[in-house]
Amino acid sequence: DGHLCDNTEEERMRMNLHQPAGMVNYTELGFAKVHAPDDLVEMLNRFWKMNYKPLQNIPNETWARGNTYTNHWLAPTKMLQMEALPGGGEELRTRIWNVSRGILESWTGVELSPSSLYGVR
């Protein structure tokens with residue numbers, strides 16, 4: 001099984017070497033803090049309140065054998081999956097994307113398309 005860790009770690013290191021060259025900071029700090037619209041905050045809060053459990057009751061995320069992107073073997077990651085839980089689904093995903101898209105496109109000057117949006121960690 002050690003080769004699985006080696007393969008994943010080699011890929012992670014390759015990305016660490018090559019991705020920074022293509023990264024652009026759009027502000028001096030590299031990020032911006034903005035207010036989310038009230039209706040989106042309300043939807044996210046409702047989703048959180050409907051699905052929150054004590055941490056020990058939220059199942060650990062499943063990572064592929066050998067995955068080294070997180071230290072999941074010592075510090076398991078948890079996530080509330082939007083698709084699988086009440087108050088989530090396509091409506092919440094679409095609202096997050098619709099609100100985020102304009103802000104991010106304005107900030108970056110780049111036309112964006114959705115890629116993945118799947119949960120709350």
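Predicted model: local features only at pLDDT ≥ 70, side-chain atom pairs only at ≥ 80, totals over all residues.

Trainee: Is the aromatic pair stacked, edge-to-face or tilted?

Mentor: The count comes to 1 aromatic pair. The ring centres of W48 and Y52 are 5.2 Å apart, and their planes stand at 40 degrees. Planes under 30 degrees apart would count as stacked and those over 60 as edge-to-face, so the pair of W48 and Y52 is tilted.

Trainee: Is Y52 buried, exposed or partly exposed?

Mentor: Buried requires under 20% relative accessible area, and exposed requires over 50%. Y52 has 47% relative accessibility, so Y52 counts as partly exposed.

Trainee: In which helix do R12 and E9 lie?

Mentor: R12 and E9 form a salt bridge, with their closest N and O atoms 2.5 Å apart. The two residues are 3 residues apart, about one turn of the helix. That helix, covering residues 2-22, is α1.

Trainee: How many residues apart in sequence are the parts that R93 and E83 tie together?

Mentor: The side chains of R93 and E83 meet in a salt bridge at 2.1 Å, N to O. R93 belongs to helix α3 (residues 89-108), whereas E83 is in the loop between β1 (80-81) and α3, so the pair ties together parts separated in sequence by 10 residues.

Trainee: Which residues are linked with R93 in a network of salt bridges?

Mentor: R93 meets E83 in a salt bridge. R93 also forms a salt bridge with E90, at 3.7 Å from N to O. The residues linked with R93 in the network are therefore E83 and E90.

Notes:
Residues numbered from 1 in each chain as written. Heavy atoms only, no water. Phe/Tyr/Trp six-rings, centres within 6.5 Å; stacked < 30°, edge-to-face > 60°. Buried < 20%, exposed > 50% of the residue type's maximum accessible area, 1.4 Å probe, protein only. Salt bridge = Lys/Arg side-chain N within 4 Å of Asp/Glu carboxyl O. Helix = DSSP H or I, 4+ residues; strand = E, 2+ residues; numbered from the N terminus.
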